[in-house]
Amino acid sequence: MNIIKLTEQKIFEMLVSAVVNYENNQDLLKTVPHRRILDDMAVVPVIYDNERMQYEYVDSECQRKLDVSDDFLIDFAIGNSRRLYGISFLSLNDFLKMILKNRLGSECGSINLDELDDEYSCLFILTNSVNYFGASVLCFDNLMKSVSNVFKSDFFIIPSSIHELLLLPTFFEDRCSMSLKDLIPLVNSSVLDNSQVLSDKLYLYRASDNQIVLA
């Protein structure tokens, strides 16, 4: 996909936001408009073709073609992400069941999905409807406040990858068998491709002042 050949209207129709690790993407961030968020992440505009599962970052050349500021481009991308792909908020158990059913199809009938480890029942996954660049929901206005209202609690944010966030209500913290701060870098280093890693840090959404802070 060569976005510079697309019309301006088509670019805006396909424009979405992605959140990436700031330190791991220094070369990328030299060439694309971005906004630093939290301690170690940046939100960037992306042209995403969901049907072909292809994407391309909006670089300075494309931005000049559109003749818009960094702030306008990023804000539009965030809003368009919400409009196009919405929000998916599920327990991790339900999410795993959905993935297994989609991948195994009819073979899934031989597996008792209700026996998934109960340890996952305290974790929730926050992403978008296509499970792609879903961590950008972090930038949606008032979303964290709405989630806190559902939990009736503050909650931890585990930046599990660029495609999703894991959430843990603070009242479930004692059910985790391993320190979350130790678990995140372990998973990032052993499971995820470096391009998919979002953060090694644990964050806390604090409802009292509507802030996301380092835990």
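Me: How far apart are E13 and K10 in helix α1?
Reply: In this predicted model, E13 and K10 are three residues apart in helix α1, which spans residues 8-14, so about one helical turn separates them. Their side chains meet in a salt bridge, at 3.8 Å from N to O.

Me: How accessible is E13, and what about K10?
Reply: E13 is partly exposed, with 37% relative accessibility. K10 is also partly exposed, at 38%.

Me: How many salt bridges does the structure hold?
Reply: There are seven salt bridges in the structure. One of them joins the side chains of R35 and D71, at 3.3 Å from N to O. That pair links distant parts of the chain, 36 residues apart: R35 lies in strand β2 (residues 35-37) and D71 in helix α4 (residues 70-85).

Me: Which residues are linked in a network with R35?
Reply: D71 and D75 are linked with R35 in a network of salt bridges.

Me: What about D49 and R52, is each one buried or exposed?
Reply: D49 counts as buried because its relative accessibility of 11% is under the 20% limit. R52, at 58%, counts as exposed. The two form a salt bridge, with their closest N and O atoms 2.8 Å apart.

Me: New topic: how much space lies in the second largest pocket?
Reply: The second largest pocket holds about 230 Å³ of space. It is lined by 14 residues, and the closest to its centre are L138, F140, M144, N210 and I212.

Me: Which element gives the largest share of that lining?
Reply: Helix α6 does, with three residues.

Me: How do the lining residues divide by type?
Reply: The lining of the second largest pocket has nine nonpolar, three polar and two charged residues.

Methods. Residues are numbered from 1 along each chain as its sequence is written. This is a predicted model: local features need pLDDT of at least 70, side-chain atom pairs count only at pLDDT 80 or more; totals for chains, interfaces and linings use all residues. Side-chain values use heavy atoms; hydrogens and water are left out. On a 1 Å grid over the protein atoms alone, a cavity is a set of points where a 1.4 Å probe fits but cannot get out, and a pocket is an open set with protein on both sides within 12 Å along at least five of seven lines; lining residues have an atom within 4 Å of a point. Grid points are joined across faces, edges and corners, and a volume is the space filled by probe spheres set on the points. Helices (H or I, at least four residues) and strands (E, at least two) are DSSP runs, numbered from the N terminus. Ala, Val, Leu, Ile, Met, Phe, Trp, Tyr, Cys and Pro count as nonpolar, Asp, Glu, Lys and Arg as charged, and the others, Gly among them, as polar. A salt bridge is a side-chain nitrogen of Lys or Arg within 4 Å of a carboxyl oxygen of Asp or Glu. Buried means under 20% relative accessible area, exposed over 50%, partly exposed in between (1.4 Å probe, protein chains only).
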